[in-house]
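Let's walk through this structure together, one neighbourhood at a time. Keep the model open beside you as you read.

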Amino acid sequence: MSKTENLQAKRKKYVPRGVSNSNLNVAQHASGATITDMDQKEWIDFAGAIGTLNVGHSHPKITEAVNKQISSFLHPGFNVMMYEGYINLAEKLCEITPGTFDKQAILFNSGAEAVENAVKVSRRFTKRPAVVTFTRGFHGRTNLTMGMTSKVKPYKFGFGPFAPEVYQAPYPYLYRKSDNQSEEEYIDQMIEEFKEFFIATVAPEMVACVVMEPIQGEGGFVIPPKRFVQFVDSFCKEHGIVFVADEIQTGFGRTGKFFAMEHFGVVPDLITVSKSLAAGLPLSGVVGRKEILNAADPGELGGTFAGNPVACAAALTVIDVIKEEQLLEKAEILGQKIETKLHKFAEQYAFIGEVRRMGAMVAVEIVSNRIDKAPDKKITGEITKYANENGLLLLSAGLNGNVIRFLAPLVITDEELSKGLAILEQAFEQQQRMVIGHVNSY
């Protein structure tokens, strides 16, 4: 038995099957957008640890900053004794997030923690109980964030009951609109449905916060119309509701701006951040209006490991790297290259329904045909399976599991990108042969 096989057997024995693995190989080394496994096979990374590695694997400047911090101390605990990194990162986050009002930032460990604490401070500030999220939204796997999440399987099934006073509003999906509707008519309809939601489901006077992904991540990289997002923002302002942007997957350059909400001309009251914030180290935060974040009393917020100094050192360097290496501009260039290739694929493969992107946040929706646009989870699974067996780390998404998403590091080289897209084309081609073979068998 090889070392890889031995570890695979141990994983099966000692790690619960509830933890999924899209690839069963074992990483040994990683750099940029390439991971080398224990058998010395290279894997092009189009997954980026689910959007965590915008600056790539093992960036030398971040590795240097982390090592320097480790040589000083690992974790005195910010609640016990303060340290420079936490304070400097809070300052930096307040500087780079949208909005000219007075801000504060508080740090945690995971995205779900950030979302929960955004809800906590919103409830404390408004003295209201209800939370509104959106259909197809994803916000985490804790009890509260499971309740806020839309997709039942695999995230919620069998894990209830969930926290009360959580409601899901409609979120537009332009690809799924009626063919006899114009885009403007569809947006008008969605705005009316949103207003009706606050009559039929929950009164605005009861709502502490609306939590919105500017682009839905797990929901399938669904991009809402700008006018809809702006209406939600204005509705919140009108009714004294805290507008929270969940930028955990969209933040830190993924969409070609530091934060995706910048594309919509909207300044949220609070922003939740995590994933690519610290280049793979566990760190998250809530950033926004000082009067909201400052509403809680000492001891009511925080956590034992929250704002770990090693992760803070990484995050401060991530922000510098994004600016120094012009990764916002590179995100747009990368996204254009992937989109162009996918449109060429669409000319060959009829199961490609829609290609959509904002910056380097790119998705392709897989359907049985382009007429009824029926989601095809089976074909999607076969494509990602082929990729993950042949040198490309690739993930799916979407409420129906029929969206292939691209989260390649923004530092990916042209050579790495070409290798990855070549494997993807092979996956599409193999699936095309299977579809044709299936049709011919009848």
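**A guided walk through the model**

Thr-36 is found in strand S2, which spans residues 34-37. Helices (H or I, at least four residues) and strands (E, at least two) are DSSP runs, numbered from the N terminus. This is a predicted model, in which local features need pLDDT of at least 70 and side-chain atom pairs count only at pLDDT 80 or more, while totals for chains, interfaces and linings use all residues. Residues are numbered from 1 along each chain as its sequence is written, and side-chain values use heavy atoms, with hydrogens and water left out.

Is Thr-36 buried or exposed? Thr-36 counts as buried, at 12% relative accessibility. Here buried means under 20% relative accessible area, exposed means over 50%, and partly exposed lies in between (1.4 Å probe, protein chains only). Not counting residues up to four places away in sequence, Thr-36 touches Ala-27, Gln-28, His-29, Lys-41 and Glu-42; contact means heavy atoms within 4.5 Å. Ile-35 is also found in strand S2, and Ile-35 is buried with a relative accessible area of 13%. With neighbours within four places in sequence left aside, the contacts of Ile-35 include Trp-43, Asp-45, His-57 and Leu-393. Phe-78 lies 43 residues from Ile-35 along the chain, and their C-alpha atoms are separated by 34 Å.

Next, look at Ile-50, whose place is in helix H2 (residues 48-51). Ile-50 counts as partly exposed, at 35% relative accessibility. Which residues does Ile-50 contact, leaving aside its neighbours within four places in sequence? They are Glu-218, Lys-275, Leu-395, Arg-405 and Leu-407. The C-alpha atoms of Ile-50 and Gln-249 are separated by 8.0 Å, although the two residues are 199 residues apart along the chain.

Now for the helix pairs. Two packed helices are described by the angle between their axes and the distance between the axes. Axes are lines fitted to C-alpha atoms, for helices over the stretch in contact, and angles run from 0 to 180 degrees between N-to-C directions. Helix H3 (residues 60-70) packs with helix H10 (residues 309-324) at an angle of about 155°, their axes being 8 Å apart. H3 and H10 are therefore roughly antiparallel to each other. Angles under 35 degrees count as roughly parallel, over 145 as roughly antiparallel, 65 to 115 as roughly perpendicular and the rest as oblique. H3 passes H10 in a right-handed crossing; a crossing is left-handed if the near helix is turned anticlockwise from the far one by less than a right angle, and right-handed if clockwise. Among the residues that meet are Ile-62, Ala-65 and Val-66 in H3 and Ala-313, Ala-314 and Val-318 in H10. By class, the contact of H3 with H10 has 10 nonpolar, 2 polar and 2 charged residues. In this scheme Ala, Val, Leu, Ile, Met, Phe, Trp, Tyr, Cys and Pro count as nonpolar, Asp, Glu, Lys and Arg as charged, and the others, Gly among them, as polar.

H10 also packs with helix H4 (residues 84-96), at an angle of about 35° and with the axes 9 Å apart. This time the crossing, H4 past H10, is left-handed. Residues that meet include Tyr-86, Leu-89 and Leu-93 in H4, and Cys-312, Leu-316 and Ile-319 in H10. The contact of H4 with H10 divides into 8 nonpolar, 2 polar and 2 charged residues.

Let's finish with the salt bridges, each a side-chain nitrogen of Lys or Arg within 4 Å of a carboxyl oxygen of Asp or Glu. How many does a search of the whole structure find? The search finds 20. In one of these, Arg-289 pairs with Asp-269, the closest N and O atoms being 2.7 Å apart. This pair links distant parts of the chain, with Arg-289 in strand S10 (residues 284-289) and Asp-269 in the loop between strand S8 (242-246) and strand S9 (270-273). Asp-269 is buried, with a relative accessible area of 12%.

Glu-365 and Arg-356 meet in another salt bridge (2.9 Å, N to O), and both residues are buried. A network of salt bridges links Arg-176, Glu-354, Arg-356 and Glu-365.
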